[in-house]
Amino acid sequence: MPIGIDDFHEIITQDFYYIDKTGMIKELLANWGKVNLFTRPRRFGKSLNMSMLRYFFEIGTDQKLFDGLAISRETGLCEEHMGQYPVISISFKTAHADRFEQAVSQLCSIIGEEALRFRFLLDSDRLNIDDKRLYGQLIQFDNSGQGSFAMPETVLTRSLKNLSMLLQKHYGKKAIILIDEYDVPLAKANENGYYREMIRIIRAMFDSALKSNESLYFSVLTGCLRVSKESIFTGLNNPKMYTLLDAECDEYFGFTDEEVKRMLSSHGLSEYYEVTKEWYDGYRVAHTNVYNPWDVINWCNQLLTSPNKTPKSYWANSSGNEELRRFVNRLGNGVTKAQLERLIAGQTVQKKIEEQLTYDSMYDTIENMWSLLFATGYLTQSGTPSGNLVRLVIPNAEIRSIFSDFILNLFEKDVAKDGEAVDAFCRALKNGEAADVEQLFTKFMDKTISIRDTAVKKEFKESFYHGILLGILMYKSDWSVDSNRESGEGYFDIAIETEDEAIGIILEVKYAEGERFDEACEEALRQIDDRDYTAELRNDDMQTILKYGIACYKKKCKVVMQTASV
């Protein structure tokens, strides 16, 4: 599995598993645009596709890299375009400085390192002395002795245009410019307070390279957001935008269902198809449903080494999830509980989506934040949009678990402010007072969202209430609280030991579908006995053992307690 590898040449030559996306080349040329922008969430294959484009178009490429791939069947197109252009390929993903001066230095290094690939220009007999002096400005190191590049701002902002002009002079062919993660410098600038300065630099660079550049054949850019034309793409004549709502090239970022089936089958993992689909599928790009590729690759790799593992959130762990954190923190201030309840339950909310955002305004209004969650992959579209009104839904179990975690985190903060209620709940739990536990737990549930009786799996609903209980119990510092640990012949929900009084408590949570509380409580208590969940408490010499069956439905619950023999 090519985890963390986004170089097309390395994946093909080192025999990593590759899902063929080369059909994108044909579609890109057929739907011609001088400037092409693809916006997709992070970890959706943008960098690998940009690398694939570079190796296809670049002069001197190894054409055998594409043998057997979809594009190789387009013989006329390959003869006309493969290996026929000078290609400038840069990525701004590493431009994430705390200060503006550092950010500019990073941009200089990104451009300078790419310019060094064309060092042969210094010996080109097609370039005059002024051309070579111009090239020398792009590869000039500063005096720090640390290998950093130094360019005056005027050189930096014209660097891509000048480099493409020099390459055209040398080869006699116009250049292709590829800019991966074009908006990362803007995101980091916004976070660190120098957004206006960075906008000025990026706008000037793009104006010269993409707008009035006679040496440009065409360009491709990728990013998470479509930054508004007014702030960065000023003056460009109709750049082609490929967003999450556009049908063109919709299947080339992310894995389709058939591609995932083939990947699982080729590795002997077909039995994991349903759980893979539940956790990592569900993204809708125009008319195509796709899986998150980062998740699928990591999940398959895990299964190959540890077949008994359960799925987890790989995508969420690759960033700080700041967008979702800010959104959930708006609960009660623009975001209603009803909206979150519908989303968590697998239902939709209809919102106006603004595809052109600016980083400095994306958190200004709740409408912008809905658009941001859609663009960054926390929400996806359901059905067909009506103009810019889009029905939004959580795509899969992974993202639903991320939402749930943030909501429970907010709940824990609320609980921490009410130590009296926590003490009362724990006292009732320890004393076997089931009616009081029921009453107090219901009050706690009123403080958070409810899980509706919808298509969301019963296990998720139960784990959400399980999380609420843990959020309460974590503040009882003198109790030992364990969750989902093995005891007897299975894994209990929650086990508690009060060491001073040698009281052991087992909590088993069930979702009472159709408000069948009595049946759910009986099932919970029967499971505790059948799987002998109290075994570990007996081994730890607990003198009193209490078994609780807790049934939940929306914001209602029923609690039944039994005493176990020791």
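This is a predicted model: local features need pLDDT of at least 70, side-chain atom pairs count only at pLDDT 80 or more; totals for chains, interfaces and linings use all residues.
I494 is buried, with a relative accessible area of 0%; buried means under 20% relative accessible area, exposed over 50%, and partly exposed in between, for a 1.4 Å probe and protein chains only. I494 is found in strand β16. Helices (H or I, at least four residues) and strands (E, at least two) are DSSP runs, numbered from the N terminus. Leaving aside residues up to four places away in sequence, I494 touches H466, L469, L470, L473, V481, D482, I505, I506 and L507, where contact means heavy atoms within 4.5 Å.

Residues are numbered from 1 along each chain as its sequence is written, and side-chain values use heavy atoms, with hydrogens and water left out.

The chain has 22 helices and 19 strands. Of its 566 residues, 55% count as buried. Along the principal axes, the C-alpha trace spans about 95 × 50 × 50 Å. Among contacts between residues at least 6 apart in sequence, 72% join residues at least 24 apart.

Strand β16 (494-498) is one of the elements against which the buried residues of helix α18 pack; the others are α17 (397-416), α19 (434-445), α20 (458-473), β17 (503-511) and β18 (544-553). The buried residues of α18 are A421, V422, F425, C426, A428 and L429. They cover an arc of only 160° around the axis, which puts them on the same side of α18; the arc is that of the directions from the helix axis to the C-beta atoms. An α-helix has 3.6 residues a turn, so residues three or four places apart point the same way. The length of α18 can be checked too: at 1.5 Å a residue, its 13 residues (419-431) should span 18 Å, and this agrees with its end C-alpha atoms, which are 18 Å apart. The expected span is 1.5 Å times one less than the number of residues. After α18 comes G432, whose phi is positive, near 75°.

In α19, the buried residues are A434, V437, L440, F441, F444 and M445. Seen down the axis of α19, these fall within an arc of 145°, so they line one face of the helix. Their cover includes α17, α18, α20, β18 and β19 (556-564).

On a 1 Å grid over the protein atoms alone, a cavity is a set of points where a 1.4 Å probe fits but cannot get out, and a pocket is an open set with protein on both sides within 12 Å along at least five of seven lines; lining residues have an atom within 4 Å of a point. Grid points are joined across faces, edges and corners, and a volume is the space filled by probe spheres set on the points. The largest pocket has a volume of about 1,500 Å³. Its lining consists of 47 residues, of which E278, W279, E459, F460 and S463 lie nearest the centre. Elements giving two or more residues to this lining include α17 and α20.

The structure also holds three cavities of 30 Å³ or more. The largest cavity has a volume of about 110 Å³. Of the 13 residues that line the largest cavity, T39, R226, E355, F374 and A375 are the closest to its centre. Helix α16 (residues 366-375) supplies the largest share of that lining, three residues.
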